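Try each task before reading its solution.

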Amino acid sequence: MRSLAVFAALNGALAVAIGAFAAHGAGPQIKTLLTTGGHYQMVHAVLALVCAVWPARSRLVVIAGWLAAAGGLVFCLALSAIALLSLPAMGAVAPIGGVLMISAWLLLAVAALRSQTVTA
């Protein structure tokens with residue numbers, strides 16, 4: 001779980017950096033793509049971190065965490081490549097990140113339904 005937490009934290013740091021560049025150094029069209037990518041990356045970095053510290057550690061939670069972190073990164077990097085490198089072909093890669101992020105949420109829902117609840 002430590003490696004997932006580290007990866008999630010690095011994703012969060014990158015999301016802040018991309019957001020800062022979008023806010024202070026990018027033109028309007030580039031700003032929109034970078035802001036969207038950074039936002040999704042940050043949300044999924046937090047989700048991955050939640051999975052890393054999830055109390056009922058299961059294989060599904062770990063997989064969900066890695067899918068969230070990887071999906072956020074793939075999506076953000078695809079949008080960044082479109083914006084900064086003028087690579088419109090990366091538009092075909094962005095949905096892969098989206099599928100990974102959606103899969104992460106669905107796996108986490110399944111893991112939550114399967115987990116044993118402890119009442120105090």
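Axes here are lines fitted to C-alpha atoms, for helices over the stretch in contact, and angles between N-to-C directions run from 0 to 180 degrees. Keep in mind that the model is a predicted one.

**Exercise 1. Describe how α2 and α4 pack, and say which residues make the contact.**

Step 1. Two packed helices are described by the angle between their axes and by the distance between those axes. For helix α2 (residues 28–53) and helix α4 (residues 94–114), the angle is about 30 degrees and the axes are 11 Å apart.

Step 2. Angles under 35 degrees count as roughly parallel, so α2 is roughly parallel to α4.

Step 3. The crossing of these two helices, α2 and α4, is left-handed.

Step 4. On the α2 side, the contact is made by Y40, V43, H44, L47 and C51; α4 contributes M101, A104, W105 and L108. Sorted by type, the residues of this contact between α2 and α4 are eight nonpolar, one polar and no charged.

**Exercise 2. Work out how α2 and α3 are oriented to each other.**

Step 1. Take the geometry: the axes of α2 and α3 cross at roughly 170 degrees and come within 8 Å.

Step 2. An angle over 145 degrees counts as roughly antiparallel, and α2 and α3 are therefore roughly antiparallel to each other.

Step 3. Sort the residues of the contact of α2 with α3: 18 are nonpolar, eight are polar and none is charged.

**Exercise 3. Find the elements that build the largest nonpolar core.**

Step 1. Start with the members. This core has 15 residues, and those touching the most other members are L4, L47, A48, C51, V61, A68 and L108.

Step 2. Assign the core to elements: α1 (2–25), α2, α3 (59–85) and α4 each give two or more residues to it. The most come from α3, with five residues.

Step 3. Look at the surroundings of A48. Apart from its neighbours within four places in sequence, A48 is in contact with L4, A8, G65, A68 and A69.

**Exercise 4. Is each of N11, V110 and S86 buried, partly exposed or exposed?**

Step 1. Buried means under 20% relative accessible area, and exposed means over 50%.

Step 2. N11 has its place in helix α1. Its relative accessible area is 3%, so N11 is buried. Leaving aside neighbours within four places in sequence, N11 is in contact with Q41, A45, A69 and L73.

Step 3. V110 lies in helix α4. Because its relative accessibility is 35%, V110 counts as partly exposed. V110 and L60 are 50 residues apart in sequence, and their C-alpha atoms are 7.9 Å apart in space.

Step 4. S86 lies in the loop between α3 and α4. With a relative accessible area of 56%, S86 is exposed. S86 also has a positive phi of about 55 degrees, although it is not a glycine.

**Exercise 5. Summarise the chain as a whole: what is its pattern, and what does its C-alpha trace span?**

Step 1. Count the elements: the chain has four helices and zero strands. Read along the sequence, the pattern is α-α-α-α.

Step 2. Take the extent: along its principal axes, the C-alpha trace spans about 55 × 25 × 20 Å.

Step 3. Check burial: 34% of the 120 residues count as buried.

Step 4. Finish with contacts. Among those between residues at least 6 apart in sequence, 74% join residues at least 24 apart.

Definitions and conventions
Residues are numbered from 1 along each chain as its sequence is written. This is a predicted model: local features need pLDDT of at least 70, side-chain atom pairs count only at pLDDT 80 or more; totals for chains, interfaces and linings use all residues. Side-chain values use heavy atoms; hydrogens and water are left out. Angles under 35 degrees count as roughly parallel, over 145 as roughly antiparallel, 65 to 115 as roughly perpendicular and the rest as oblique. A crossing is left-handed if the near helix is turned anticlockwise from the far one by less than a right angle, and right-handed if clockwise. Contact means heavy atoms within 4.5 Å. Ala, Val, Leu, Ile, Met, Phe, Trp, Tyr, Cys and Pro count as nonpolar, Asp, Glu, Lys and Arg as charged, and the others, Gly among them, as polar. A nonpolar core is a set of buried Ala, Val, Leu, Ile, Met, Phe, Trp, Tyr and Cys residues joined through side-chain atoms within 4.5 Å. Buried means under 20% relative accessible area, exposed over 50%, partly exposed in between (1.4 Å probe, protein chains only).
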